[in-house]
Amino acid sequence: MTLSTRFRNMTRSLLCFLLITVSLSGFAAAEPSDREIKNTIIAYNKALVEAAKDPTFLQNFDDAKKFDPFAEKDVAQKLYIWIKSWHENNLYMDAELLKISFRKQQIEGDKASVATDEIWKYSYFRHIDINKTVEAWQPVKVYYKIEYRLVRKHGTWKIAKIKVLSEKEEKI
C-alpha cells in the first residue's frame, strides 16, 4: 500500500468518525437536558424564596409574572395567590433551601416527572414598620418528598404541577 493510499484511507476514516460524532451530537442536543429540568426547578424555588420575603412584591403589576419563566400559568397563579394572601395579612416567609436531591427523573417527549428530596428552613415574620420586623412563628426545618411535573414548550421546560408526597417538620 502506498503512502498516498494510506493517507486517503486515514482521511476517509477520520471523516467517517467526524460524521458519526457530529450526527450523534446532533441527536444528543435534541434530547431534553437533565440540567435544564433541574435548573427550572431550582429557579422556581429561588423565585419563591425571594418573592415570599419581599415586602415590595405585589406592588407592581408585573410581579404577577415573576414565575412565568419556569411555571405554567396555573402553577404561577396559585403561587402568586398564596404569597399575596400571606402578604395581605402582614406575614412574610424567610425560607432557605438547604438541600435538594434529584432522586428520579423520567422524560417522555415533551413531558417530564421529577422526584426530589428537599430540606427547607422556614421562619415567618411580620413588619412592625419599615425598619423593624418581629418573628411570627418559631423557625422550622421541613423535609419534603416532592414530585414535579414539567412540560416543554418552545424549547423551554416549565413546571406544570407540584405534588408534595410527604412532609416532616421539626422545630429549630
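Of the contacts (heavy atoms within 4.5 Å) between residues at least 6 apart in sequence, 61% join residues at least 24 apart. The model is predicted: local features need pLDDT of at least 70, side-chain atom pairs count only at pLDDT 80 or more, and totals for chains, interfaces and linings use all residues. Residues are numbered from 1 along each chain as its sequence is written, and side-chain values use heavy atoms, with hydrogens and water left out.

**Chain and surface**
- Three helices and four strands make up the elements of the chain; helices (H or I, at least four residues) and strands (E, at least two) are DSSP runs, numbered from the N terminus.
- Their order from the N terminus is α-α-α-β-β-β-β.
- The chain has 172 residues, 28% of them buried; buried means under 20% relative accessible area, exposed over 50%, and partly exposed in between (1.4 Å probe, protein chains only).
- Carbon and sulfur atoms hold 55% of an accessible surface of about 11,700 Å², computed by the Shrake-Rupley method with a 1.4 Å probe, where for residues only the protein chains shown count as cover.

**Nonpolar core**
- The largest nonpolar core contains 31 residues, and Phe67, Tyr122 and Leu150 have the most contacts inside it; such a core is a set of buried Ala, Val, Leu, Ile, Met, Phe, Trp, Tyr and Cys residues joined through side-chain atoms within 4.5 Å.
- At least two residues of this core come from each of helix 2 (34–53), helix 3 (73–88), strand 1 (92–108), strand 2 (111–129), strand 3 (132–153) and strand 4 (156–171).
- Helix 2 gives the most, with eight residues.
- Not counting residues up to four places away in sequence, Tyr122 touches Met93, Asp94, Ala95, Pro139, Val140, Val142 and Tyr144.

**Aromatic rings**
- The whole structure has 10 aromatic pairs; rings of Phe, Tyr and Trp (its six-membered ring) pair if their centres lie within 6.5 Å, with planes under 30 degrees apart counted as stacked, over 60 as edge-to-face and the rest as tilted.
- Tyr124 and Trp137 form an edge-to-face pair, because their ring centres are 5.3 Å apart and their planes stand at 80°.
- Tyr124 in strand 2 and Trp137 in strand 3 are 13 residues apart.
- Tyr124 is buried at 15% relative accessibility, whereas Trp137 is partly exposed at 42%.
- Trp82, Trp86, Trp120, Tyr122, Tyr124, Trp137 and Tyr144 are linked into a cluster by ring pairs.

**Lysines**
- Lys66, in the loop between helix 2 and helix 3, is partly exposed, with a relative accessible area of 31%.
- Leaving aside neighbours within four places in sequence, Lys66 contacts Ala47, Glu50, Ala51 and Phe57.
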